[in-house]
Amino acid sequence: MSVHVGEAASALPFPEAAKKMVANSQLRRNVRHATNVIRAKRDRVVAEMDDWEQLRDAGKAIKDHTLAHLDEYLIQFETACSKAGGQVHWARDADEANRIIVDLVKRYGSDEVIKVKTMTSDETRLNVALEAAGITPFETDLADLIVQLGEDKPSHIVVPALHRNRMEIREIFMKKMGLDTLGYLPEDLTAAARKYLRERFLRVKVGISGANYLIAETGSVVVVESEGNGRMCLTLPEVLISIVGVEKVIPRFEDLEVFLQLLPRSATGERMNPYNSIWTGVTPGDGPQAFHIVLLDNGRTKVLADPESRETLDCIRCGACLNACPVYRQTGGHAYGSVYAGPIGAILTPQLQSMEHSETLPYASTLCGACYEVCPVKINIPEILIHLRTKVVESGHAPLAERLAMKGAAFAMSKASRLSLAHAFARLGQWPFNDDGKLDNLPGLLAGWTEFRDLDAIPSESFREWWSKR
Amino acid sequence: MSSAREAVLASIRQAQGGPADQSIPRLYSASVDLAPAEVVEQFADRLHDYNATVHQCTVDSIPATIAGILETRQKTGLLIPTGLPSAWLPAGYNFRRDEGLSYADLDASQGVLTACDVAIALTGTIVIAHSPAQGRRALTLVPDYHLCVVRLDQLVATVPEGMRRMAALLPAPLTTISGPSATSDIEMIRIKGVHGPRTLEVILVD
């Protein structure tokens, strides 16, 4: 079995990639603008919910409970979905999933597919596998279309093209859609996408989707979306194939009421997204008359095996942690080298694939905790980042200074008297770098900590010292 | 194929460790304390927020209301599902029932008129279970204009209340519609109308 997550195994280490991204001021402006807008909308619609914390608690508990019984709920889903006319496939890794899907498309005699936004298929690099088999995939989400036509990579979980502005998008559309003229207003660009895709929606015989939720009790599948491209792909083709991570199952239909409140408010700052589609197997006379679902592992059971970090699988892919993250807001998504960017990407990618391909990702964070605060299912991302850093250090792949520092921190913090002593030495050692109470340009291998931000200098008197004098 | 199934399930069982079970706290609000008139007002407000046009009328005045809307929109007719009540239809317009129309027919139409199954005030959501008065999924998707009749007894206040009614409609496919299709993919500017109907109009019937 070989797990790969997009092209993350061959991606540049985060610090190198981030340096390039930070140098691109247009990209930083685009990312900052987009994340500011979503954050403001999200904060507004979350604030109007008196029971937001109770919803978060319920969401977290449902996900944790599901993970503790994942085998039972998957089997229950399989039974209910099959009974309703769906065909359930299982895939150990990305290549196996791609093979199943390519074979199905060929079996139904199609050489093209229309796709609803699915991060999971980006993870398996399904499009590459389809194209290698002579099958043309058409991405239909507007942002995914921009990414596909621009021969680009997604940079955000919810808004994959937020690094592009209207002028860049206009140029891509004119070139790839063969248009002589095109306005530059978002309305004009959206209308061009509608026209370009409509004929394909009505013609193509096979649709491919991901899913936001699988409901064990009923065998139903749920797709949450805004543009209607999802409904098109789920409804008009003769055949529908969905590729879904095993962690997406939830026990009961009733549980959906929690996530249909948490997800839209967290993801796009809407009270409800324009469309949710819920279907159960095949409905005679309505929609695709053949439905296949591929349940994907690709490293997820490895994440499940670590009790310290298995809550990573609770993620509902809302992207709120990206918008809140001071590091993501500077670097954008591409620096993470994975289809999963931002804080959730920094913990998910290194756990899914083997650590040595993404060992810099757990360091792509200031541990400020903003991600944890906005997470609708309360994933303690900072704690998992620290856990993963420990693993990197233990594996011997961490930079030497980092390794010594981490060991030193563990040594010092395990006993209060040592911590006091360490503080005293640190105050002595920091003076050459202390600039008005901020540390900048730390030397050598520690430079990574201060290259893009200043650390607060250690005050002349610690809280412990002040307290003992009182 | 079955070997993959057994392998994935075996990895899960090996990974799970001991039973980490806990009860699920459901302390969130399943309902709100609003008078019926306030619920209606909130639903209309939310629809306005989504740029959907809202009309209110009584059962007897449904045909007149539909006629007025078609006149304003300069439409001569609409597609309708097979089970839509004939009593709703005003005379003098061309209503065509969807008896196996092609996608091209749907695409070339002036729009579609349907009923709904459930509506949720707090989120301005209409739920369609694609029963005979709502039609198959493609019927409310491919046309560019959707006129939807919502009875007040179909309206609930909260998402949990709506979900309870939706549960009773399974295994029918369910579509929830909250305003016209939209995107914010370009510079986070919300554009109303992408692939689904670009115009949504609602008649609330007392």
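Predicted model: local features only at pLDDT ≥ 70, side-chain atom pairs only at ≥ 80, totals over all residues.
**Entry 1**

I then took the geometry of the pair. H16 of chain A spans residues 342-352, and H18 of chain A spans residues 381-395. Their axes lie 10 Å apart and the packing angle is about 40°. That value makes H16(A) oblique to H18(A), because angles under 35 degrees would count as roughly parallel and 65 to 115 as roughly perpendicular.

Next I listed the contact. From H16(A) I noted Pro343(A), Ile344(A), Ala346(A), Ile347(A) and Pro350(A). They meet Ile381(A), Ile384(A), Leu385(A) and Leu388(A) in H18(A). I sorted these residues by class: nine are nonpolar, none polar and none charged.

**Entry 2: strand S4**

I moved to S4 of chain A, residues 206-209. Are its faces buried or exposed? I found both covered. Val206(A) and Ile208(A) are buried on one side, and Gly207(A) and Ser209(A) are buried on the other. In a regular strand, side chains alternate between the two faces of the sheet.

**Entry 3: partners of S4**

Which strands pair with S4(A)? I found S2 of chain A, residues 112-115, joined to S4(A) in the parallel sense by two bridges. In S4(A), Ile208(A) has Lys115(A) opposite it.

I also found S7 of chain A, residues 239-245. S7 and S4(A) run parallel and share four bridges. Here I noted Ser209(A) opposite Ser242(A) in S7(A). Ser209(A) is also one of the buried residues from my previous entry.

Notes:
Residues numbered from 1 in each chain as written. Chains lettered and ligands numbered in written order. Axes fitted to C-alpha atoms, helices over the stretch in contact; angles between N-to-C directions. Parallel < 35°, antiparallel > 145°, perpendicular 65-115°, else oblique. Contact = placed C-beta atoms within 7 Å. Nonpolar A, V, L, I, M, F, W, Y, C, P; charged D, E, K, R; others polar. Buried ≥ 20, exposed ≤ 12 C-beta atoms within 10 Å, placed from the backbone. Pairing = 2+ DSSP bridges.
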